[in-house]
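Please look at the sequence and the structure first.

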Amino acid sequence: DWNMPDYVEEAIGKIRATVGSDQVILGLSGGVDSSVAAALIHRAIGDQLTCVFVDNGLLRANEARQVMETFAKNLAVKVIHVDASRDFYRSLTGITDPEAKRKIIGREFVEVFQCESAKISDAKWLAQGTIYPDVIESAGGKTKKAHTIKSHHNVGGLPETMHLKLLEPLRELFKDEVRELGLVLGLPRDMVFRHPFPGPGLGVRILGEVKYEYAELLRQADHIFIEELQRSGWYEKTSQAFAVFLPVKSVGVMGDGRTYEYVIALRAVQTQDFMTANWAELPYSLLSKVSNRIINEIRGINRVVYDISGKPPATIEWE
Ligand code: XMP
């Protein structure tokens, strides 16, 4: 249990002592951990930190803009914004298997990140938002899935191939402490209390082959769902909530005409540790509003379903 303002001073001192006048690079994802790590390291060493934000084309609506606004504009952190969407979509063409998609997305990320980092010629350190639960997880008893998850998130293998030393200033902190630290460092509340978002992003929320057209539809649906959860106060009462794109068409009616369009599934869960989870008993009125908005506002979607499966046996993500 830390006194957070004291902890910040201590952590800043440690970071300065560790890196001296060296350059540091950090892969910014927009998630809580990498964001707080970036804010803390920036507080310690300012312009010696360069963040690399890779847009894989599988981010949520406005995500890239939010990250750039928070860090580059408001906090004056150096952030290189790389739009690598085309490379990701090209590599994912024709790929339908969930684990194969994860591997490709992870590999592309490493490639893009390495290429960008190489431009920061005198970088000596790779900073990561590793937190205490990640440390325990990789110390022993890790499941295959946990390993898969971390292999992308913590860009495993990068430090060795890039000859960089690792800087992990959040290693001793639990998630709630990381959030508290984020607030103390001045990060916006909605960034600090964000639901987790998987590294492969919308890539595992579009079932089967990932197509740009599907991602566009999913982004709009997800945005409506999250907006209504926030307006109704249900965002904070759920641990994770999102839309899933089902690449199947079903029949509907609109005016005098028949439609034949795609299906969106909504998923909202409550959980402590994400190992088990209950589906959230969202009010019918809320579900109804979200469904109406999605169907009326998004051309290409004519049916919305709600996922009422617990984990286990279902997983939280659909892939
Ligand atoms: P599942 O679907 O296994 O998800 O019940 C449990 C938690 O892990 C997240 N998740 C991932 N995170 N890379 C990540 O960084 C992944 O490949 C991945 N797969 C699942 C999921 O969003 C949930 O919070």
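Asn-62 is exposed, having 11 other C-beta atoms within 10 Å. Phi of Asn-62 is near 65°, a positive value in a residue other than glycine. Asn-62 sits in the loop between β2 (49-55) and α3 (63-74). Helices (H or I, at least four residues) and strands (E, at least two) are DSSP runs, numbered from the N terminus.

Ala-76 has a positive phi near 55° and belongs to the loop between α3 and β3 (78-83). Ala-76 is exposed, with 11 other C-beta atoms within 10 Å.

## Basis of the model

The model is predicted: local features need pLDDT of at least 70, side-chain atom pairs count only at pLDDT 80 or more, and totals for chains, interfaces and linings use all residues. Residues are numbered from 1 along each chain as its sequence is written.

## Cis peptide bonds

The peptide bond from Lys-311 to Pro-312 is cis, with omega near -15°. The bond from Pro-312 to Pro-313 is cis, with omega near 5°. Pro-312 is in the segment after β9 (301-306). Most peptide bonds are trans.

## Domains

The domain assignment, which is automatic or from a database, gives domain 1 (4-192) and domain 2 (205-306). Their centres, taken over C-alpha atoms, are 28 Å apart.

Key. A residue is buried if 20 or more other C-beta atoms lie within 10 Å of its own, exposed if 12 or fewer, and partly exposed in between; C-beta atoms are placed from the backbone.
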